[in-house]
Structures are given as structure tokens and as C-alpha cells.
Amino acid sequence: MTSPLTLTEAAAARINAIAERQQKPAILRLSVEGGGCSGFQYKFDLAQAAEDDDAVSETAGVRLVVDPVSLDLVNGATVDYVESLGGAAFRVENPNAAAGCGCGSSFGI
């Protein structure tokens, strides 16, 4: 299933580098769990393969996969990789989030 999510070139390049180092496929799984300082938090893992019901987005040969339950909370989001003086991290720009937190890894609806 095609995904209404976007994976930026910067995020794809970073995922590819991590996957090569760990000798795994370049597939990033984004999921949403309860918790964090705003109610929900993002979780990132390298996946071996996409599941049949996952939404899949591909950029530069790297796939972003999201399960159907998490997709309801991140539909239309962009996953980016940003480096700054404060460090480097994957960042989710989620149009569904009504509130966020300073850490950028949790959100509220």
C-alpha cells in the first residue's frame, strides 16, 4: 500500500548508512506508542521487511513503513533527519499533532 508519508533525502541517506553499518535492509519502521511528555511518542526501528498491511513510502531506495494503527496518527507526516549544534536526530513533522514537546519525540492529538 502506498503511503501518505514523506521520507526526506537527508533521512533516507542516514537510514541507508545505519542499515549498511548494521548489515540490515534499508527499511525504517515508524510507529507510535502511548507515553512521552505529550501523550504519544514516536518509535524508530530498522525492519527486516514490510508487513502486508503496512503503508510504504520510498525515497532513494530506502523504505519507510508504518503500521495501520500508527498511520492514523501520522498520516501526512514528513520524516526528516536534522543535524544541529544540539545534536542529530530523526524529526517527524506531523500535521495531526495538536501539541508537541521540546524534545521533538512526543506529541499530542
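Phe44, Tyr81 and Phe90 form one aromatic cluster. Rings of Phe, Tyr and Trp (its six-membered ring) are taken to pair if their centres lie within 6.5 Å; planes under 30 degrees apart count as stacked, over 60 as edge-to-face and the rest as tilted. A search of the whole structure returns two aromatic pairs. In one of them, phenylalanine 44 and phenylalanine 90 are tilted, with 5.5 Å centre to centre and 35° between the planes. This pair links distant parts of the chain, since phenylalanine 44 lies in strand S3 (residues 40-46) and phenylalanine 90 in strand S7, 46 residues apart. Phenylalanine 44 is partly exposed, at a relative accessible area of 27%; buried means under 20%, exposed over 50% and partly exposed in between (1.4 Å probe, protein chains only).

The model is predicted: local features need pLDDT of at least 70, side-chain atom pairs count only at pLDDT 80 or more, and totals for chains, interfaces and linings use all residues. Residues are numbered from 1 along each chain as its sequence is written, and side-chain values use heavy atoms, with hydrogens and water left out.

A salt bridge is a side-chain nitrogen of Lys or Arg within 4 Å of a carboxyl oxygen of Asp or Glu. By this rule the count is three.

| Salt bridge | Closest N and O atoms |
|---|---|
| Aspartate 54 and arginine 29 | 2.5 Å |
| Lysine 43 and glutamate 33 | 3.6 Å |
| Lysine 43 and aspartate 45 | 3.6 Å |

Aspartate 54 is buried at 2% relative accessibility, and arginine 29 is buried at 17%. By contrast, lysine 43 is partly exposed at 33%, as are glutamate 33 at 32% and aspartate 45 at 34%. Shared partners join Glu33, Lys43 and Asp45 into one network of salt bridges.

Helices (H or I, at least four residues) and strands (E, at least two) are DSSP runs, numbered from the N terminus. The protein has two helices and nine strands, in the pattern β-α-β-β-β-β-α-β-β-β-β along the sequence. Three strands form an open sheet of mixed pairing in the order S1-S6-S7, where two strands pair if DSSP finds at least two bridges between them. The edge strands are S1 (6-7) and S7 (87-93). S1 pairs with strand S6 (residues 78-84) in the parallel sense over two bridges, and threonine 6 stands opposite threonine 78 in S6.

Of the 109 residues of the protein, 39% count as buried.
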